[in-house]
Amino acid sequence: MGARANEPPPTVDARAGEGGAPITFDDFYHAHFRGVTAQLCAYTGDLGQAQDLAQEAFCRALARWDRLARYDDPVAWIRRVAWNLARSRWRRLRTARSHLLRQRRVETQVAGPTPDRVDIERALAALPANHRRAVVLHYLADMSVAQIAAQEGVAEGTVKSWLHRGRAALATLLDENPEGVGHA
């Protein structure tokens, strides 16, 4: 097996290994991957993208290695392929961006919650859980006392008590007259 990616093999000639024998793809890859990646990183400004592009170029070279190994400078072929890949990726991103900008529709502005709604939600959050459930189910989900009792597994009188206490607490929290709140 050849050298590791961070250790170039003893020969750096792309066409010949030790003793004039053709260099293996593994040795070629380990000798030149870092250099090609560094060039692409300088071009793209992104090490991860540069590594991906260099890897793709070397994968394409592997498929043609028998022919590329006979080139005067196979590294030049790798660099050219990698740079073409980088330019193609940049063009695709630019095209996609312009397409998205053309497709962008003016989104309708949704009004935020009113101050009253914020106050109600804050007051509901301050109620004990069973009182809050009873009030929400009765007034917002339009469930009857009997339906709430069946869902919660409690007596109807318990639900009426929760509603009464919940309404009284809400009236206090919302700074209203507890007598003015409707009863179930």
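The side chains of Arg60 and Glu56 are joined by a polar contact of 2.9 Å (N or O atoms within 3.5 Å; within protein, one able to donate a hydrogen and the other to accept it, with residues adjacent in sequence counting only if both atoms are side-chain atoms). Keep in mind that this is a predicted model, where local features need pLDDT of at least 70 and side-chain atom pairs count only at pLDDT 80 or more, while totals for chains, interfaces and linings use all residues. Numbering runs from 1 along each chain as its sequence is written, and side-chain values use heavy atoms, leaving out hydrogens and water.

**Around Arg60**
- Arg60 sits in helix H2 (helices are DSSP runs of H or I, at least four residues, numbered from the N terminus).
- Arg60 counts as partly exposed because its relative accessibility is 35% (buried is under 20%, exposed over 50%, partly exposed in between, with a 1.4 Å probe and protein chains only).
- Leaving aside residues up to four places away in sequence, Arg60 touches Trp77, Val81 and Leu85 (contact means heavy atoms within 4.5 Å).

**Nonpolar cores**
- The largest nonpolar core has 22 residues, and Phe58, Trp65 and Ile78 are among those with the most contacts inside it (a core is a set of buried Ala, Val, Leu, Ile, Met, Phe, Trp, Tyr and Cys residues joined through side-chain atoms within 4.5 Å).
- A second, separate core of 14 residues includes Leu127 and Val145.

**Confidence**
- The protein's average pLDDT is 83 (the predictor's confidence in each residue, from 0 to 100).
- Over residues 1-15, pLDDT stays under 50.

Conventions
Helices (H or I, at least four residues) and strands (E, at least two) are DSSP runs, numbered from the N terminus.
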